[in-house]
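Hi everyone, thanks for coming.

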Amino acid sequence: MVQKKRPTRERILDTALALFNERRYGAVTTAMLANEVGIAEGNLWYHFNDRESLLHGIMERFKAQTAERLKLRPEPGQALANYVDYFRYMSEELSTYRFLYRDQADYGPIIGKLSQVLPSLYEDTAAQFRSYLKGMRSDGHLQIADDALELAVTNLLIIFRFYLEFAREAGLPEQAGSGAVRRAFRLHLGLFEDRLTPEAFDYLREQLSLDDLPALVL
């Protein structure tokens, strides 16, 4: 059976996302993108009349994926295992949309519809982090007071939103396959690892494959 070819618009978005992640947003020209897709540059502009519209096309995909991620919540008695599943999901999000987290210096302030949803995205993600930390506390894996928990939630947002951007600016490895996303995971544990039971910390470290990663490479 002959596999149906993906529509040109979707192939453009697929290729753009791969190139932006690999080479950084500012290093990818429209001629380079058209060549990779196998179309004329004019055909590229037929589907996306400027780079901003191309960026928004990718962001629509990003918003759809984050909407699915935000549905995740821990189950009673399963918070630790669910937390591992959650961060594997988030790892995929950061890896798939690496350039969005890393290259804002190239694409500038996020504008349009995404800028309108960012506050609610941060708020909903904070609520999600909070649910997992409270779940681990209820299950006896985490000893943390409410005020410290709220500080951890805020810092979790900062780490996962800005670590790849920080790594780029600091000259640290941040490309696909560099382990940058896993380093962000190792950093996040530093926010509350001293409040985890030893068994819970060992479980998270093993499940997230963190043994070979320092907290920060400078």
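Let me start with a term: when I say contact, I mean heavy atoms within 4.5 Å. With that in hand, take the contacts in the protein with a separation of 6 or more: residues 24 or more positions apart account for 73% of them.

Two housekeeping sentences before we go on. This is a predicted model, so to speak of local features we need pLDDT of at least 70, and side-chain atom pairs count only at pLDDT 80 or more, while totals for chains, interfaces and linings use all residues. Residues are numbered from 1 along each chain as its sequence is written, and side-chain values use heavy atoms, with hydrogens and water left out.

Now the overall picture. The protein has eleven helices and zero strands; helices here are DSSP runs of H or I with at least four residues, strands are runs of E with at least two, and both are numbered from the N terminus. The C-alpha atoms fill a box of roughly 60 × 40 × 35 Å along the principal axes. Of the 218 residues, 44% count as buried, where buried means under 20% relative accessible area, exposed means over 50%, and partly exposed is in between, with a 1.4 Å probe and protein chains only.

Let's begin at helix H1, residues 8-23.

H1 packs on helix H4 (residues 51-69) at an angle of about 90°, with the axes 10 Å apart. Axes are lines fitted to C-alpha atoms, for helices over the stretch in contact, and the angles run from 0 to 180 degrees between N-to-C directions. H1 and H4 are therefore roughly perpendicular to each other; angles of 65 to 115 degrees get that label, those under 35 count as roughly parallel, those over 145 as roughly antiparallel, and the rest as oblique. From H1, residues including Leu13, Leu17 and Phe20 meet Leu54, Gly57, Ile58 and Arg61 in H4. By class, this contact of H1 with H4 has seven nonpolar, one polar and four charged residues. Ala, Val, Leu, Ile, Met, Phe, Trp, Tyr, Cys and Pro count as nonpolar, Asp, Glu, Lys and Arg as charged, and the others, Gly among them, as polar.

Next, threonine 30, which is found in helix H2 (residues 30-37). Is threonine 30 buried or exposed? At 15% relative accessibility, threonine 30 counts as buried. Leaving out residues up to four places away in sequence, threonine 30 touches Glu41, Leu44, Trp45 and Arg51.

Now over to H5, with two partners to show you. H5 and H9 pack at an angle of about 30°, with their axes 11 Å apart, and H5 and H9 are therefore roughly parallel to each other. Tyr83, Phe87, Met90 and Leu94 in H5 meet Leu156, Phe160 and Leu164 in H9. By class, the contact of H5 with H9 has seven nonpolar, no polar and no charged residues.

The other partner is H10 (residues 180-189), which packs with H5 (residues 79-96) at an angle of about 140°, axes 10 Å apart. H5 and H10 are therefore oblique to each other. In H5, Tyr83, Phe87, Met90, Ser91, Leu94 and Ser95 meet Val181, Phe185 and His188 in H10. That contact of H5 with H10 has six nonpolar, three polar and no charged residues.

Phenylalanine 185 lies in helix H10 and is buried, with a relative accessible area of 4%. Its C-alpha atom is separated by 8.0 Å from that of phenylalanine 87, 98 residues apart along the chain.

Last stop: glutamate 165, in helix H9 (residues 146-170). At 15% relative accessibility, glutamate 165 counts as buried. Not counting residues up to four places away in sequence, glutamate 165 touches Tyr101, Arg102 and Gln104. Thanks, everyone!
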